[in-house]
Amino acid sequence: MPEPSKRQRTRQQILNAAWQLFREQGYQDTSTRQIARAAGVADGTVFSHFATKLELLQEGMRIQIDQVLADAEQQDRSHSAAGRLLHFADYLYRFYLAHREFSRELLKEIVWQQDYFSPQLLAFRQRLEAADDHPAPARAEVMLDLYFMTLIQGLNHPRLEAGDLLATLAGKMEILGNGVPGQTGQ
């Protein structure tokens, strides 16, 4: 693997600094000037890599979520679309709830930006369809709708934990007749 260019290293420094500050201070309370200082770059350098603070959040979240999905993929032993969704939802709900403020901010800002989500959603829908004995694109779409609505519910209720969301999602899928007994190891 070739060594990253200076530009790539600087971009990564900025991302690392932003993510650290977002965790420590919160997204809203972190300025791009603080990010530049923490990354050891000029203020303008941040904007030469990322047009907005939201773009920094999006890229940071995408990288984190890709890692969460890779970890979930390694542990996936499910044999059905419903089991696969619950397995991945377990990992994703834990991540999103551990980063509630970022997650709410990200969803609030990009919910209408389908271009941002499209590749990830398509890949995940294909994972669900691949595990389904009788694949139907509409079925995978409904399952993803249930997943996202449950996530939004969890992000809006600070006392809900990942296990609560997983049980809610399993219950919704059971109502739809997906044969989910509420277990993630399917």
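This is a predicted model: local features need pLDDT of at least 70, side-chain atom pairs count only at pLDDT 80 or more; totals for chains, interfaces and linings use all residues.
## Helix 5 meets helix 8

On the helix 5 side, the contact includes Ala 81, Leu 85, Ala 89, Tyr 93 and Tyr 96, among others. Helix 8 answers with residues including Met 143, Leu 146, Tyr 147, Thr 150 and Gly 154. By type, the residues of this contact comprise 13 nonpolar, two polar and no charged.

## The nonpolar core

Next, look at the largest nonpolar core, which has 52 residues. Those touching the most other members are Met 61, Tyr 93, Tyr 96, Tyr 147 and Leu 169. Several helices each supply at least two residues of this core, among them helix 1 (6–25), helix 7 (114–131) and helix 9 (162–175). The largest share, 12 residues, comes from helix 5.

Leaving aside residues up to four places away in sequence, Tyr 93 touches Leu 146, Tyr 147, Thr 150, Leu 151, Ala 162, Leu 165, Leu 166 and Leu 169.

## A look at Ile 63

Finally, turn to helix 4 (residues 53–75), where Ile 63 lies. Ile 63 has a relative accessible area of 33% and is partly exposed. Leu 15 is 48 residues away from Ile 63 along the chain, and the C-alpha atoms of the two are separated by 9.7 Å.

Definitions and conventions
Residues are numbered from 1 along each chain as its sequence is written. Side-chain values use heavy atoms; hydrogens and water are left out. Helices (H or I, at least four residues) and strands (E, at least two) are DSSP runs, numbered from the N terminus. Buried means under 20% relative accessible area, exposed over 50%, partly exposed in between (1.4 Å probe, protein chains only). Contact means heavy atoms within 4.5 Å. Ala, Val, Leu, Ile, Met, Phe, Trp, Tyr, Cys and Pro count as nonpolar, Asp, Glu, Lys and Arg as charged, and the others, Gly among them, as polar. A nonpolar core is a set of buried Ala, Val, Leu, Ile, Met, Phe, Trp, Tyr and Cys residues joined through side-chain atoms within 4.5 Å.
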